[in-house]
Amino acid sequence: MVVYFLACIVSISIAWIGLHTREYKKGIICITILFSALPLFLIAALRYGVGTDYFNYIRVYEWIKEGVFYKEYLYNAINMLVIWLDWNVQWVFVICAFFGI
């Protein structure tokens, strides 16, 4: 829980710094938006064993890899893309974290 709290504080601090710079330019705003989302993205993308469903997601990945169709179409498509690219199951979490942010 502390990790999430610290990530939120870092994200808010980076966003605050970006919004309160003297030179209010588009480039600075885009960079601060990117960097303010980065801590939360990294936590969501690089997690291992976090949450009650983490290992269920891995099981679903293995099912789809064996040819079983999963009921959630977009999640199924993400898994199929990762399998087609011959990537590790961790990439499913990275892609979902990207869309979640």
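**Close-up views of a predicted model**

**View 1. Helix H5 gives the largest share of the lining of the largest pocket, four residues.** The model is predicted. About 170 Å³ of space lies in this pocket. Its lining consists of Tyr-4, Ile-43, Ala-44, Arg-47, Val-50, Tyr-57, Tyr-75, Val-92, Phe-93, Cys-96 and Ala-97. Two elements, helix H2 (26-45) and helix H5 (90-100), each give two or more residues to that lining.

**View 2. The lining of the largest pocket by residue class: ten nonpolar, no polar and one charged.** Arg-47 is among the lining residues, and arginine counts as charged. Tyr-57, Tyr-75 and Phe-93 are also among the lining residues. These three residues belong to an aromatic cluster as well.

**View 3. One aromatic cluster is formed by Tyr-48, Tyr-54, Phe-55, Tyr-57, Tyr-75 and Phe-93.** The count of aromatic pairs in the model comes to nine. In one of them, the ring centres of Tyr-48 and Phe-55 are 6.0 Å apart. Their planes stand at 90°, so this pair is edge-to-face; the cut-off for that class is over 60 degrees.

**View 4. Tyr-54 and Phe-55 form an edge-to-face aromatic pair.** The distance is 5.0 Å centre to centre, with 90° between the planes. Phe-55 thus takes part in a pair with Tyr-48 and in a pair with Tyr-54. Tyr-54 and Phe-55 are both members of the aromatic cluster.

View 5. Tyr-48 has a relative accessible area of 62% and is exposed. For Phe-55 the value is 46%, so this residue counts as partly exposed. Tyr-54 is buried, because its relative accessible area is 2% and the cut-off for buried is under 20%.

**View 6. Arg-59 sits in helix H3 (residues 54-66).** Its relative accessibility is 42%, so Arg-59 counts as partly exposed. The side chain of Arg-59 makes a polar contact with the side chain of Asn-56, at 3.0 Å. Arg-59 and Val-89 lie 30 residues apart in sequence. In space, their C-alpha atoms are 9.9 Å apart.

How values were computed: Residues are numbered from 1 along each chain as its sequence is written. This is a predicted model: local features need pLDDT of at least 70, side-chain atom pairs count only at pLDDT 80 or more; totals for chains, interfaces and linings use all residues. Side-chain values use heavy atoms; hydrogens and water are left out. Rings of Phe, Tyr and Trp (its six-membered ring) pair if their centres lie within 6.5 Å; planes under 30 degrees apart count as stacked, over 60 as edge-to-face and the rest as tilted. Buried means under 20% relative accessible area, exposed over 50%, partly exposed in between (1.4 Å probe, protein chains only). On a 1 Å grid over the protein atoms alone, a cavity is a set of points where a 1.4 Å probe fits but cannot get out, and a pocket is an open set with protein on both sides within 12 Å along at least five of seven lines; lining residues have an atom within 4 Å of a point. Grid points are joined across faces, edges and corners, and a volume is the space filled by probe spheres set on the points. A polar contact is a pair of N or O atoms within 3.5 Å; within protein, one must be able to donate a hydrogen and the other to accept it, and residues adjacent in sequence count only if both atoms are side-chain atoms.
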